[in-house]
Amino acid sequence: IGIAALAGSPTHIPWPLQDALLTTHYGTFFVIGAWFYSRRFQIVDRANALPAKSRAMWWIAALVLFSYPFDNPWSIGGRIFGDLGVSIGAFLLMALSFTIKKGRVYSIGHWLGKISYSLYLNHYVILSVSLVILYPRFGAVPVWIATVCGAVVLAFAMNRLVEVPSQNWARALRRRWSPKTVERSANSANLVQR
């Protein structure tokens, strides 16, 4: 990350090293996610202990950090530091989201969380199509509207048609082929033979 940041431009780094640096860079977000999960109870307790005014300020800070432009003309170093800022914003948003009380906002967030993997995988398709079709004639606002609405609809469909059936299939395979299941089946067969 340091080499990429100091280089200032992707042309200064040979592509194998550039790819290795970017892979390492994106790997940090998985490490942050794993760390967050391992410490989730302490993090949530600290977020819940914040006074209302402090919590509101943290929400604003998190949203500002998270809104760093993803696709910009800056150098790879600027992009990498921006991504780190976005990750801090995302971390804060995750922590603060646990302070939302059950209700309508909570239900919408919970539903978006359920389709979030499909949303992550498919949003770029809708964004690209919207940019190609809408941006030249109508500008940015219709692209935003079409991307948000289209991505949510596609994510919901893909969640129902691909993600949920795949999860169910994986659970069924795990139940059928897990060592405990195989051991129980073998013990049952031995009892029958006796």
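## Overall architecture

From the N terminus on, the elements of the chain run α-α-α-α-α-α-α-α-α-α, and the secondary structure comes to 10 helices and zero strands, where helices (H or I, at least four residues) and strands (E, at least two) are DSSP runs numbered from the N terminus. This is a predicted model, in which local features need pLDDT of at least 70 and side-chain atom pairs count only at pLDDT 80 or more, while totals for chains, interfaces and linings use all residues. Residues are numbered from 1 along each chain as its sequence is written, and side-chain values use heavy atoms, with hydrogens and water left out.

## Surface and contacts

The chain has 194 residues, of which 22% count as buried, a term that means under 20% relative accessible area, as against exposed at over 50% and partly exposed in between (1.4 Å probe, protein chains only).

Among contacts (heavy atoms within 4.5 Å) with a separation of 6 or more, 65% are accounted for by residues 24 or more positions apart.

Ala90 belongs to helix 5, which spans residues 76-97, and is partly exposed because its relative accessible area is 23%. The C-alpha atom of Ala90 is separated by 8.2 Å from that of Leu63, 27 residues apart along the chain.

Asn159, in helix 9 (residues 140-177), counts as buried because its relative accessibility is 7%. When neighbours within four places in sequence are left aside, Asn159 is in contact with Lys114, Ile115, Ser118, Val164 and Pro165.
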